[in-house]
Amino acid sequence: MEPAAGKPSFMRNILVRVLLFGVLVIGVRFAYVVTIRGESCDLGDFCFFSLPDNFNITGAGKIGPSAIVVKDAVRSTSTAPSRVDLWTSKGWRKAVQFYSSVFQDLIVDGYLTPNSKSLCVETSSGQDVFALREIGVVDAIGTAKKKSPPLVVSALPSRQPFDGETFDFVFSGGGAFDKVMRPLDFASEITRTLKPEGFLVVHTKTKDGYSFNSFVDLFNCCTVVKTREIHGIDSSMPYIREIVLKKEPGILRHGTSKSHSNSVNKCSVPGHKKELFQKAEQLIAEEPLKPWITLKRNIKNIKYLASMVDISFKQRYVYIDVGARSYGSSIGSWFRKQYPKQNKTFEVYAIEADKTFHYEYKLKKGVTLLPYAAWVKNETLFFEINQDPGHKEVEKGRGMGRIQPGQSSAGSGDKIVDQIEGFDFANWLKNSVSERDFVVMKMDVEGTEFDLIPRLFETGAICLIDEIFLECHYNRWQRCCPGERSAKYQKTYDQCLDLFSQLRKSGVLVHQWW
């Protein structure tokens with residue numbers, strides 16, 4: 001008679017099946033946590049083990065993108081809000097689908113491949129990184145000030161945590177370049193991490209030719225290979241200009257400025273500037289019989305450059321007041337209050353030789369006073385101050401001063417003559433600003449403009465100025481004495497008009513000031 005072995009065998013089968021089912025459940029849970037949620041292994045996630053915080057699969061040396069993802073993923077815990085809800089939300093999926101479409105077009109055009117080591121900069125949530133991985137570009141990572149593991153690691157725009165020439169493809173979406181404070185530093189850092197012959201793709205809001213060329217000037221090591229206009233994700237950015245650049249070996253490195261002048265005293269005038277001048281107010285061709293009225297009214301017609309173009313891609317913003325007089329004369333009363341600065345902080349320089357106004361500037365923050373006379377070279381000058389009948393009244397009854405080279409320092413009648421120091425203004429300008437800066441200038445120098453402007457052309461410093469508000473002094477009709485011209489100035493209105501026309505032909509937006 002055989003032993004009854006049925007019951008133990010049945011129990012063993014039940015236990016084996018239960019054990020196998022448990023292993024299956026844990027395996028599915030493990031796969032869900034690691035591959036779907038992107039979280040780390042810990043006790044709360046029913047994982048068999050947890051990795052140490054300092055785990056790094058790339059070995060010694062500077063941290064790489066893959067290692068950063070692993071490290072950030074490991075530090076995530078089950079107490080953090082679930083990213084599954086975020087990654088499956090309607091807004092998230094809409095953004096991912098948008099970027100997927102963008103990247104697939106770039107793959108078709110040959111600017112991106114599944115094997116491209118890719119970086120997305122200033123991406124707050126990482127939809128673009130997610131889209132890259134979803135379409136098969138698996139070696140992709142994003143950076144932003146606030147990390148969002150495992151897609152985005154923490155980094156400042158001008159300090160990316162990667163070695164030079166690391167990435168084949170870099171993407172900047174969401175108008176990130178329109179928002180950064182120092183776009184040149186951002187551009188330099190991006191191109192540092194980009195491999196030679198790698199591609200950079202930027203989405204920006206800019207529409208006008210001036211801002212487009214300002215943007216391109218940030219990338220002297222790259223060439224533009226394609227631009228196109230596309231619809232944005234939502235109403236916050238309905239219009240997008242997509243710019244594709246290629247890093248070319250053997251040309252200017254990032255951060256090196258290129259010159260836009262093609263000779264010592266001539267600036268090149270690109271087409272976008274010529275189009276811009278067509279939008280500007282017309283110069284007053286005929287001499288006004290009542291200039292104190294006509295020129296003052298003309299100020300209302302001025303089309304400011306910053307009201308016509310986007311100036312976001314400039315490195316610095318500089319306002320220079322040549323012949324500033326008191327703070328309230330033009331800096332406080334006009335530039336601070338009326339000039340459209342697009343929320344940019346301008347460095348302000350006041351150039352004023354009259355000692356009467358120097359103390360006031362010591363009390364004004366954000367203004368650098370140059371207590372000298374703008375001149376064509378460094379030398380001692382004589383500064384003549386007198387009252388001119390019909391001329392505008394100024395602070396403390398003091399008349400407008402003008403330079404008188406080689407004159408005796410003795411005053412006569414109602415004239416006051418001071419000895420002052422003049423400096424080479426054109427040379428100072430070339431050492432103080434660059435073509436990547438946005439430079440606005442107001443010039444009211446009582447006739448010295450006919451010395452200073454030619455000197456700016458001679459040295460090429462004129463190419464550094466974007467916009468000038470120029471008061472040109474000529475033998476105008478006097479307000480006090482009908483039918484009589486001022487004997488203070490020898491130049492004619494036609495000579496002033498020639499000066500204005502010459503400036504505009506050279507690519508400088510000049511306005512007739514009063």
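Tutor: C221 is buried, at a relative accessible area of 3%; buried means under 20% relative accessible area, exposed over 50% and partly exposed in between, with a 1.4 Å probe and protein chains only. This is a predicted model, in which local features need pLDDT of at least 70 and side-chain atom pairs count only at pLDDT 80 or more, while totals for chains, interfaces and linings use all residues. Residues are numbered from 1 along each chain as its sequence is written, and side-chain values use heavy atoms, with hydrogens and water left out.

Student: Which cysteine sulfur is closest to that of C221?

Tutor: The one in C222, at 3.6 Å, which is too far for a bond. A disulfide here is a pair of cysteine sulfur atoms within 2.5 Å. C222 also counts as buried, with 6% relative accessibility.

Student: How many disulfides are in the whole structure?

Tutor: One. C472 is joined to C496, S to S 2.0 Å. C472 lies in the loop between β18 and α16 (493–505) and C496 in helix α16, so the bond ties together parts 24 residues apart in sequence. Helices (H or I, at least four residues) and strands (E, at least two) are DSSP runs, numbered from the N terminus.

Student: What is the handedness of the C472 and C496 link?

Tutor: Left-handed, with -80° about the S-S bond.

Student: Is C496 buried or exposed?

Tutor: C496 is buried, at 1% relative accessible area; C472 is buried too, at 6%.

Student: Switching to E467. Where does E467 lie?

Tutor: In strand β18, residues 467–470.

Student: Which residues does E467 touch, leaving aside neighbours within four places in sequence?

Tutor: Among them are K303, Y304, Y339, V440, L509 and H511; contact means heavy atoms within 4.5 Å.

Student: Last one: which residues of helix α12 are buried?

Tutor: I331, G332, W334 and F335, in a helix of residues 331–338. The elements covering them include β10 (317–322), β11 (347–351), α13 (358–362), β12 (367–370) and β18.
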